[in-house]
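Below are questions and answers on the aromatic rings of one model and their surroundings.

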Amino acid sequence: MILRHIFSPPNNTRLGNLCGPTDAHLRSIEAALEVRIAHRHEQFKVDGPKAKAQRAMEMLQALYEMAAKPIPDEVVQLMLAGDGAPEPGDGPSLSTRRADLKPRSVNQALYLDNIAQYDITIGIGPAGTGKTYLAVAAAVDALHRSAVQRIVLTRPAVEAGERLGFLPGDLNQKVDPYLRPLYDALYDLMGFEQVQKAFERQALEIAPLAFMRGRTLNNAFVILDEAQNTTPEQMKMFLTRVGFGTKAVITGDVSQIDLPKTQLSGLIDAERTLRRVEGIAITRLTSADIVRHPLVARIVDAYDAARAQEEIALALGSAPTLPAPEVTAPRTGLPKTRAPRSKNTL
């Protein structure tokens, strides 16, 4: 289907901001929606499947309306990722430093609703779906409303397939690299000064999972991040730390487990064991909920498809075939010779 549209009244500044540097915004829309966009001055033509061509034209119209100033790349990418996103106001409103914070997909809105409604919520999904960020936002909102007295963020100190050895420094410096993603979310949602003040009055605590043993957490908002790298024993230990007036959120990506191959993930075990327990909500996020670069969703889908093929091959009793190694043909021809050195004679 071919759709044509003329932006009126024509405005060269808006048209330039709409297209982006060297038409970068148009190329992003083409790649994400699998359409072709051609334009000459204010006349635009979109060629592609009917539904996708209409969505592309709607995006162009929306971008033109906000093109009074340059449009950042991330705005275009978030709009592309927002296919099927809920209307503004859907899902709970959160009080954080980010005034524009809102769920950008139906599953994200369901995830926030579950966090608000249930005492324990498990969020499972690939990278970029906002599992940790939204959980931290809900925790910051609860602290601002005085619904909890403190926020406790934790994650297992497991290396991502690397052996880092002994890290220098004191305890905080040793665990800081593992907890850096949680700091980043806090700084974005609260601001650096507010985070430092929260640490000083002990309203904010970040610690490795091993330090949770033996504690009872009352009137707190507790988040366990990277839960796919816990063992079933660690997961049970964490879940039994929940006290009165406490909310717990567990997040993880079961496709990125860094445990030894023979070790069962505590997140997978918890999903199987707790799915029928009353008072616990499990939210599954997919590649459609990814709000990062559009390539991230395609990368996740490609890995999922490859893993599914491997599982089918193993079920059928045949190992997945690997491409044959390239064979380099032997060199032919006469060997290189070196001219003899001349001897100077007296």
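A charge counts as over a ring if NZ of Lys or CZ of Arg is within 6 Å of the ring centre and within 35 degrees of the ring normal. The model is predicted: local features need pLDDT of at least 70, side-chain atom pairs count only at pLDDT 80 or more, and totals for chains, interfaces and linings use all residues. Residues are numbered from 1 along each chain as its sequence is written, and side-chain values use heavy atoms, with hydrogens and water left out.

Q: Which residue lies over the face of Y64?
A: The distance from the ring centre of Y64 is 6.0 Å. The residue over this face is R14.

Q: How many aromatic pairs are there?
A: Rings of Phe, Tyr and Trp (its six-membered ring) pair if their centres lie within 6.5 Å; planes under 30 degrees apart count as stacked, over 60 as edge-to-face and the rest as tilted. Under this rule, the number of aromatic pairs is five.

Q: Of what kind is the pair of F7 and F44?
A: Both residues, F7 and F44, are buried (under 20% relative accessible area; exposed is over 50%, partly exposed in between; 1.4 Å probe, protein chains only). Their ring centres lie 5.2 Å apart with the planes at 85 degrees, so the pair is edge-to-face.

Q: Of what kind is the pair of F7 and Y64?
A: F7 and Y64 are both buried. Their ring centres are 4.5 Å apart and their planes at 25 degrees, so the pair is stacked.

Q: Which residues do ring pairs link into a cluster?
A: Ring pairs join four residues here, and the cluster consists of Y183, Y187, F192 and F199.
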